[in-house]
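Me: I would like to learn how to read charged side chains in a model. Please give the general idea each time, and then the case at hand.

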Amino acid sequence: MTVVNQLDMEVGKSSITAILGANGAGKSSLIMSLAGHVDVKQGDIEYDGQNITPWSPMERVQKGIAIVPEGRRLFKSLSVHENLIIGGYTRSKKASQNNIEKVLSIFPRLGERRKQMAGSLSGGEQQMLAIGRALMAEPKFLMIDELSLGLMPKAVDTCYEAIKDLNAVGLTILLVEQSTQRALQVADHAIVLESGNTVWKGSSKEARDSSDIIDSILGLHKTQ
Ligand SMILES: Nc1ncnc2c1ncn2[C@@H]1O[C@H](COP(=O)(O)OP(=O)(O)OP(=O)(O)O)[C@@H](O)[C@H]1O
Ligand SMILES: [Mg+2]
């Protein structure tokens, strides 16, 4: 079954791009295919001037592509520290030690919870850990599926602050969000998917100016 069709998109270095769309639009399928977890039947994925379509997920991680998957998929019975170590599996032990310190400086809360089981963290802390685990791979391109979904407002703020800071030092970010307004506050560009097709793309300023159009696209499914 094809869930994403005819998608033609480009993500600029050090930019933030928001992928918007109603439930079932194909957002997760899109980023899972960029991470190499879903096969691409037609077309190519180019990254940093290279055709990466045949690359395995691990090769992509090694080249700097990381994902925070929908639902976070943490190892719930392992500690915060262990989850971070797993995120750094493509890096040396020494690099991982440094990277853990970096992650804990971004999310000090995780430092306080270092020995705690991931499954016992709050939703916000789990999202911080999922982002931290992805950062352990030293990504240049980070994809986050549903950053704010189900989180308390304060945790959403913390995660968004972290994303802005990471982007300010050069990280390229692809952000899948249900919270359109919030995503458009930080994004440079937006792409709206509907039933696996691109139905709108442009700058986030244009997206804000066209919010009626975007709302009506998203609203088509909300009312069902
Ligand atoms: N493993 C699968 N097998 C069959 N169909 C699937 C599978 N995963 C997703 N789909 C279908 O593909 C379409 C796109 O799903 P996808 O999860 O990519 O959407 P989404 O935009 O991320 O939705 P949501 O907002 O609910 O997370 C949906 O119709 C979904 O039912
Ligand atoms: Mg999804």
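Me: Is Glu161 buried, partly exposed or exposed?

Reply: The model is predicted. Glu161 is at 41% relative accessibility, so it counts as partly exposed. Lys164 is likewise partly exposed, at 39%.

Me: Which residue forms a salt bridge with Glu161?

Reply: Side chains of opposite charge can pair when their charged atoms come close. Here the partner of Glu161 is Lys164, with the closest N and O atoms 3.4 Å apart. Both residues belong to helix H7 and are three residues apart, about one turn of the helix.

Me: Which residues are joined into one network by salt bridges that share partners?

Reply: Arg109, Arg113 and Glu125 are joined in this way. Glu125 is buried, at 6% relative accessibility, whereas Arg109 is partly exposed, at 39%.

Me: Which parts does the pair of Asp157 and Arg182 tie together?

Reply: Start with the contact: the side chains of Asp157 and Arg182 meet in a salt bridge, N to O, at 3.0 Å. Asp157 sits in helix H7 (residues 153-168) and Arg182 in helix H8 (residues 180-186), so the pair links parts that are 25 residues apart in sequence. Asp157 has a relative accessible area of 37% and is partly exposed. Arg182 is also partly exposed, at 23%.

Me: How many salt bridges are there by this rule?

Reply: The rule asks for a side-chain nitrogen of Lys or Arg within 4 Å of a carboxyl oxygen of Asp or Glu. By it, the count comes to seven.

Me: Which residues coordinate the magnesium ion (ligand 2)?

Reply: The donors are Ser28, through OG, and Glu70, through OE, at 2.0 to 2.3 Å. Ser28 is in helix H1 (residues 27-34), while Glu70 is in the loop between strand S4 (65-68) and helix H3 (80-87), so the pair ties together parts that are 42 residues apart in sequence. Glu70 is partly exposed, at 38% relative accessibility.

Me: Which residues form the negative surface patch?

Reply: Asp8, Glu10, Asp44 and Glu46 form it. Glu10 is found in the segment before strand S1 (16-21). Glu10 has a relative accessible area of 77%, so it is exposed.

Technical notes. Residues numbered from 1 in each chain as written. Chains lettered and ligands numbered in written order. Predicted model: local features only at pLDDT ≥ 70, side-chain atom pairs only at ≥ 80, totals over all residues. Heavy atoms only, no water. Patch = residues over 30% accessible without salt bridge, like charges linked within 9 Å, V, L, I, M, F, W, Y side chains within 5 Å. Areas by Shrake-Rupley, 256 points an atom, 1.4 Å probe, with all protein chains shown as cover. Lys, Arg positive; Asp, Glu negative; His and termini not counted. Charge placed at Lys NZ, Arg CZ, Asp CG, Glu CD. Helix = DSSP H or I, 4+ residues; strand = E, 2+ residues; numbered from the N terminus. Buried < 20%, exposed > 50% of the residue type's maximum accessible area, 1.4 Å probe, protein only. Donors = N, O, S within 2.8 Å, 3.2 Å for Na, K, Ca; no water.
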